[in-house]
Amino acid sequence: MELWNRSRGPAAAAALAAILTSAAALGTAPALAQTPPGVLIVGQIAEPKSLDPAAVTAVNDFRILVNLYEGLVKYEPGTLEVAPALATDWTISEDGTEYTFTLREGVTFHDGTPFDAGAVKFNFDRMLDESHPFHDTGPFPLAFFFSAVESVEAVDPLTVKFTLSEPYAPFLSNLAYPTGLIVLPAAVEAAGADFGRAPVGTGPFKFAEWRSNEAVVIEKNPDYWGDPAGTEAVVFRPITDANTRVAEMLAGGIDMMVEVPPVALSQFQSDDFTVSEQAGPHLWFLILNAKDGPFADKRVRQAANYAINKEALVGDVLEGTAEVAAGPTPPAFAWAHDDALEPYPYDPDRARELLAEAGAEGATLTFYVTEGGSGMLDPVPMGTAIQADLNAVGLDVKIETYEWNTFLGEVNPGLEGKADMAEMAWMTNDPDTLPFLALRTDAWPDKGGFNSGYYSNPEVDALLEKARVSTDQGERAELYKQMQQIVHDDAPWVFVANWKQNAVTSSRVENFSLEPSFLLMLKDVVKN
Amino acid sequence: MAGYILKRLLSAIPVILGITVIVFLIMAMIPGDPATAILGSYATPENVEKLNRDLGLDKPLAQRYVIWLGNMLTGDFGRSFSLNRPVLDEILDRFSATLILAGTAFVLCSLIGILAGAISAARQYSLADKAITFVVLIGISVPSFFLGMMMILLFAVKLRWLPVSGMYAIYGGGDLPDLLAHLAMPALALAAVATGVVARLSRSAMLEVLRQDYIRTARAKGVPEGRVVYGHALRAAMVSIIPVLGIQAGFVLSGAVYIEMVFQWPGVGRMLVDAILKRDILLVQGGVVFVSACYVLFNIAVDVAQGLLDPRIKT
């Protein structure tokens, strides 16, 4: 037998041509991967950990949860203001330690069980009371959002009263956060630690199925108390690789994707796609070591703020997916943000002057950079660009790069004796959280806080303590604005960017908008 | 032969025990702990300590190892922090997906590789040999993940013949044609490099054998050329090809990590990468031990197969 029979050559060539022709014909046929109407397929960034709202911490998981469950309160669409949800109304006692909620009538869980005050009490006791029979369905990593809660009392079926150990202004916005979503007690009792895979809530969608590493499917809840959902079902697909997520979107395999890499955005500039953007309560900043080294001098810290070209970082490195930050409070907290605050302009000459005044010309700095991490955007290119800007004004910056978890292990215990500056990003649900945990003297690392640069200003401390116990939003706003002006001038950080979350939807998706909370509300979305 | 197999199986036990020690120590030593990974921005020392206690990570190292090993012997691999489900369920789910992908790639690279090598050797320096050598060198040189991305761009995004990623269609589907459509690109991309290696080695093994006296004798007796090449020479060459296949099986398994990331194949490689990033200690440990045990068993199977082919290697 001939191995490569020459006489068969023409026949083989003809067969090959036939295959290619039929393949080309296939290519012109209706495209593969058309998703069905009425079913919205969302490309997520990871497999969810659990669908138990008390047990999870990731925005990726929250995107599913907020469509299955509701809390007592929610964020008003388009803002970060608190609005009624399962509670229609509430009163706060004079001293700010008692919150009494009136619950919505006629709400049922997905299995038909009526929603009442007992369910609310069960949810918070499970998280907070270590002797609760279902406390072992945890751990509940974010339970400390409610650590001020002393007791929860079901006054009558439609009234529930929270008693706090001390006044705590962020309480309501913490209730609106996904950690405060209400689950069906009987479902926890039945499933125990596996509740996260068999979730039951009151939301506009109910749980249908979870195929591990493939998809989480939720379906329209026909008995929803409000306007029904606009789609029959939503499918959340985990696609951890960003390039593959982009390819799926381009190929029509998914209808919506979140967290589009900045460099990929240009591929979606056509009529087939809509790109949505929304600035959120996010701040990307550099922690400066105000305890030892050159940044102990305020003028050097200000010089760093002048020397770094934030417009270029946001425009070139981040391709416009963020805005330049002015101070410690993101503008997404509209009511608490001081609009009069201007970002430090890019002014290398002014930076050199300040450095000369402080005698810090040619100082050597150690700069901690992370390789990735939640909310860190593009930390390595950003770190390199910052290094170049600081070199240009005569500072000698040495970068040390760490993987995210290792990085946190280095930065959170404080920079003293190790580094002069470090990248950091925070996303919070209340204007109190970040400055309270990262700017007060009592939040230095040795006291269990995140003030890794050891900034200390008694005035700022007093303003933050006062804002935390005030129950009047107008008064709190005034205090936060004063705080922002002082912190802006003291420059304990280099204020760099506020991230704009983005999403791409196909032209078949309507009524979609992103929220400042970064939660993905899909009730009103329509898929044609 | 049974005695030989038993001896090899017993000798695998210390190897696997050693692997458990190494992977346990590595996971204990790498910086960053699961509590910090879970809490993210909210990882205050106080919160981290409480969560570590809840997760049972506050016990001494040796105690944790003994508990883990003891539980594993009873089939309890523990519960994954990041996925909140039993580790063994997750591994078994994922491993079947990896077996489908790596198994297909392995069969592809063995068949195509050996055939290409045999053709090359039988017609040394012919046009077919040169063409095969050229294609094989490209296969060896192009990184599989790059090849995978290019295939996605061409066949899924531009031409829309094949789905981009995943194992089954998200809606509907779930049957064999659906699986094959999803399997085609990742299996080919994964097989490409291994095929090249197998083809090169098969070619040299075949050339070696074809120079032997008994091949000349067979030809002189008038045995048809096809029988000489495939009946006599290939069988003899298989003795040196099979160990290479054993190594390639390991390569295909480890190469599956990249391919699973690119094509979002729900396999064990992607699971391990995610688990490492999330410091999901029990999932990493369980996954590594499971995969290593499979690799060890596979190598024993290869040795046994070689023994069957070549009576000189045995017992």
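Within what distance do the axes of helix α8 and helix α10 of chain A come, and at what angle do they cross? In this predicted model, the axes of α8 (residues 310–317) and α10 (residues 379–392) of chain A come within 11 Å and cross at roughly 145 degrees. The crossing of α8(A) and α10(A) is right-handed. On the α8(A) side the contact involves Ala312(A), Leu313(A) and Val317(A), which meet Pro381(A), Met382(A) and Ala385(A) of α10(A). By class, the residues of this contact comprise 6 nonpolar, no polar and no charged.

Chain A also contains an open sheet of 4 strands, in the order β4-β5-β7-β6, with antiparallel pairing. Strands β4 (87–92) and β6 (149–156) of chain A lie at the edges; each has a single partner strand, so one side of each is left without a neighbour in the sheet. From one strand to the next, the twist averages 20 degrees. Within this sheet, β5 (residues 98–103) and β7 (residues 159–164) of chain A are paired in the antiparallel sense over 5 bridges. Thr100(A) has Lys161(A) in β7(A) as its bridge partner. Helix α3 (residues 117–128) of chain A packs on the sheet and touches β5, β6 and β7 of chain A. The direction of α3(A) makes about 165 degrees with that of β6(A).

A further antiparallel pairing, over 6 bridges, joins β8 (residues 205–211) and β9 (residues 215–220) of chain A. Phe205(A) stands opposite Lys220(A) in β9(A). The two strands β8(A) and β9(A) form a hairpin with 3 residues between them. In the turn, Asn213(A) has a positive phi of about 65 degrees.

Between the chains, 50 residues of chain B are in contact with 50 residues of chain A. On the chain B side, the elements giving two or more residues are α2 (34–39), α3 (45–54), α5 (87–122), α7 (144–158) and α10 (225–263). The largest share of this side, 5 residues, comes from α3(B). The residues of chain B that touch chain A divide into 29 nonpolar, 12 polar and 9 charged.

The largest nonpolar core has 227 residues, and those with the most contacts inside it are Phe285(A), Ala105(B) and Val252(B). Helix α10(B) gives the most to this core, with 17 residues. Apart from its neighbours within four places in sequence, Ala105(B) is in contact with Ala187(B), Leu190(B), Ala191(B), Ala194(B) and Val252(B). Another core, of 13 residues, lies apart from the largest one and includes Ile91(B), Val268(B), Leu282(B) and Val289(B).

How values were computed:
Residues are numbered from 1 along each chain as its sequence is written. Chains are lettered from A and ligands numbered from 1 in the order in which they are written. This is a predicted model: local features need pLDDT of at least 70, side-chain atom pairs count only at pLDDT 80 or more; totals for chains, interfaces and linings use all residues. Two residues are in contact if their C-beta atoms, placed from the backbone, lie within 7 Å. Ala, Val, Leu, Ile, Met, Phe, Trp, Tyr, Cys and Pro count as nonpolar, Asp, Glu, Lys and Arg as charged, and the others, Gly among them, as polar. Two strands pair if DSSP finds at least two bridges between them. A nonpolar core is a set of buried Ala, Val, Leu, Ile, Met, Phe, Trp, Tyr and Cys residues joined through C-beta atoms within 7 Å. A residue is buried if 20 or more other C-beta atoms lie within 10 Å of its own, exposed if 12 or fewer, and partly exposed in between; C-beta atoms are placed from the backbone. Axes are lines fitted to C-alpha atoms, for helices over the stretch in contact, and angles run from 0 to 180 degrees between N-to-C directions. A crossing is left-handed if the near helix is turned anticlockwise from the far one by less than a right angle, and right-handed if clockwise.
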